[in-house]
Amino acid sequence: MKRENPTLNDTIYKDVLNPLAQQKPEWDITPLVERPATLEGKTVYIINQRWGGTKAHEPLLLTMKKWLEENIHDIKVVYKVKKGSYAYNDSGLWQETGEKADAAIIGVPH
Amino acid sequence: MSPYLVESGKDAAFELGWLQPRLVSLSEPDALRGDKAIQRIINGKDPVSGKPLMRAIVDALTEPLTPEEKKTGKLTHPVEPRVLPITGTYDEIQQYFLDNRMTDGLPVTVPTEERVKRMLTGTGHAPDEVVAAAFRMGMTDNGQREGQNITVEKVAVIAVMAGCNPEYLPILLALASKGPPYFSSAQSFTGAAIVHGPIASEICMESGYGCMGPYNHANATIGRAWQLMGRCLCYAIPGLTIMGDWGNNLQYNSLTFAENTDNPMIPWEPFHVEKGFNAQDSVVSIWEGRGLRQRCGYNLPDFTLKVLDNVEPENGAMVLLTPLSARMLEEDFGFTTKEQFRRYIYENSTMTVQEWLDSDMVQTFAIPHLELPAPNPEIEKNREALRERLKLPADTVIKRFRSPDQINFIIAGEGMIYFVAGADFNFKSLVPIDPWR
């Protein structure tokens, strides 16, 4: 909403300093990895990142697993619970996913 | 993720370098929901693409990449100029600050070169000295907005905006050196800054009547400036980088006041002295939590337990007492030292195992962390105790606090009456102010 303040508006302000911090100026674009043409015969990891607790997101992820298994021929769906809280970098799981999965779904509850 | 996280997810992906992330959204949040909601979500649509959810997931995993998704190169944030590209009237400047999300919604003092120069007289440090190399609200490295190389001058600009006097600046620099007042969480946290030692009276901070109310200039503006640091130095934007569902009214001035150390009724040493500083050191303590509950009456030990019975499991506590309350605890109830009262609370503040298990903090952090290597023996000892707790029947009564050290006391207020307040505030750090003078 526009405000009007006739007395204060007699002054023209210049040389107003910037309170905003500089964010990182430049960083690399990470292109997406190539997708398989189909999930048939492929291995898909479904990863629970545990925000709200292991059980918070599990019903949905397991229902997704069931749907994929029922609707996509010869798919192998692997359900994984990452180590530690969502704030912990489970590098071992990320490496395993890269090596063993053709695709991955990471659920973010909320 | 649900639709409520999509924009935040895109923002985080951008920070990580994913120009075109493939995000699929649930129709509504799924965490801790029942079968009815889960079936509705599975059979619902992805609001991002408009496709049925499972089809959207399969497509996201199989559709060929677009040229835009294959793109390499660089992403950039705009270069922030030292001087803003504006000239205008008071109203025009205020509107510019509002439009560019630099304020808390209230008018600011316009940070002109001249005013900032005057503010800088409050410290002996050079304007270009870096106070904090990185300033961010997140707990992880995953796509957080981050202000870099925060200088003394940048803090001074914000101090001017908040209406501070130059002599408040050392406190703000001490606070800035530790980051913003709260972190981004779906829960609505706030910071608290309590000033201890001589600087509080030097700059006329209030520790007595109404010290937590909107009355004292130093209390009000220091707390506001700290809050504005979150807004300006790490881009606190609700729904994008700040995900607190409600926000917290205490964020307006970050619960900033001085500890009362002068009232002759106070029987115990000041907080910073208890933590190893000299009484003549000026120090600011930093806390993080959600809110306070109060009780008033004679039975202060029992009321203390009552106001703490809503403290989230695993959380620490700040017990706020008036000078009179502290005196009564010492004289009438026999707690001659803080340590005795701390031990009383530790032994008598309880909950059931089920209450502990029901806590989001326990489920999100405490239990998953039991699988991780402990960084030190003390943490391993605590984790071993939690593993044993998991074997207990749900109705077993257990202590609310992990150790007496989680319970801290602050004395504030004038002392006319016997109040106690319990706040679910974790004590985070004590920062010396004198080096920033």
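S1(A) and strand S3 of chain B, residues 147-151, run antiparallel and are joined by two bridges; strands count as paired when DSSP finds at least two bridges between them. Helices (H or I, at least four residues) and strands (E, at least two) are DSSP runs, numbered from the N terminus.

Quick caveat: this is a predicted model, where local features need pLDDT of at least 70, side-chain atom pairs count only at pLDDT 80 or more, and totals for chains, interfaces and linings use all residues. Residues are numbered from 1 along each chain as its sequence is written, with chains lettered from A and ligands numbered from 1 in the order in which they are written.

Now the interface as a whole: 54 residues of chain A contact 80 residues of chain B, contact meaning C-beta atoms, placed from the backbone, within 7 Å. On the chain A side, strand S1 (22-23), strand S2 (26-28), helix H1 (54-71) and strand S5 (103-107) each supply at least two residues. H1(A) gives the most, six residues.

Over to helix H1 of chain B, residues 6-16. Which of its residues are buried? B:Ser8, B:Ala12 and B:Glu15, buried being 20 or more other C-beta atoms within 10 Å of the residue's own, with C-beta atoms placed from the backbone. Down the axis of H1(B) these fall within an arc of 55°, so they line one face; the arc is taken over directions from the helix axis to the C-beta atoms. After H1(B) comes B:Gly17, with a positive phi near 100°.

How values were computed. Contact = placed C-beta atoms within 7 Å. Buried ≥ 20, exposed ≤ 12 C-beta atoms within 10 Å, placed from the backbone.
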